[in-house]
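Please consult the sequence and the structure while reading.

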Amino acid sequence: MAHIPPAHSTLATYSPPALPRTVLAVGTAPLLVLLVFTLVVLRVMDVDTALACLAACAVWVATEMHGWQRATDRYNAEYVQRHLIWRSSDTLLALSTHEYTNAETRVFVLRYLAAGRVLRPDGPLAQ
């Protein structure tokens with residue numbers, strides 16, 4: 001039977017939100033752009049209508065990506081407040097290299113430590 005460490009000696013799993021609408025927008029928009037381009041080339045769609053469709057796709061993707069980034073930033077801030085900020089850097093380093101810490105959590109904690117224990121809300125932590 002595997003040895004399970006006490007809860008205080010492990011870090012909570014880092015799992016930022018995955019928003020299916022963002023995945024749909026990022027995956028579908030290029031297909032819509034290709035379809036619109038094809039319809040313009042085949043002279044089935046007017047160029048003005050095609051430009052409106054392209055602008056709508058751009059706005060759709062930008063809106064969804066912005067929502068995803070805000071949700072990720074909010075999750076990162078909550079994760080740091082709940083699990084990282086109150087622990088020392090040495091403890092975080094030891095916990096991040098623990099065998100029970102998954103890779104995504106390890107990367108997030110090590111990047112947090114490398115950034116001088118500063119969470120950058122506008123995107124990824126400093127490399």
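With which residue does Glu64 form a salt bridge? The partner of Glu64 is Arg21, and their closest N and O atoms are 2.7 Å apart. This is a predicted model, in which local features need pLDDT of at least 70, side-chain atom pairs count only at pLDDT 80 or more, and totals for chains, interfaces and linings use all residues. Residues are numbered from 1 along each chain as its sequence is written, and side-chain values use heavy atoms, leaving out hydrogens and water.

**Salt bridge**
- A salt bridge is a side-chain nitrogen of Lys or Arg within 4 Å of a carboxyl oxygen of Asp or Glu; by this rule the count comes to one.
- The pair links distant parts of the chain, with Glu64 in helix α2 and Arg21 in helix α1 (residues 20–41), 43 residues apart.
- Helices (H or I, at least four residues) are DSSP runs, numbered from the N terminus.

**Helices α1 and α2**
- The axes of α1 and α2 come within 9 Å and cross at roughly 170 degrees; axes are lines fitted to C-alpha atoms, for helices over the stretch in contact, and angles run from 0 to 180 degrees between N-to-C directions.
- The two helices α1 and α2 are therefore roughly antiparallel (angles over 145 degrees).
- Contact means heavy atoms within 4.5 Å, and the residues making this one include Leu24 and Leu32 of α1 and Trp60 and Trp68 of α2.

**Helices α2 and α4**
- Helix α2 (residues 47–84) and helix α4 (residues 103–114) have axes that come within 12 Å and cross at roughly 85 degrees.
- Helices α2 and α4 are therefore roughly perpendicular (65 to 115 degrees).
- Asn76, Tyr79, Val80 and Leu84 of α2 meet Thr105, Phe108, Val109 and Tyr112 of α4 in this contact.

Terms used:
Parallel < 35°, antiparallel > 145°, perpendicular 65-115°, else oblique.
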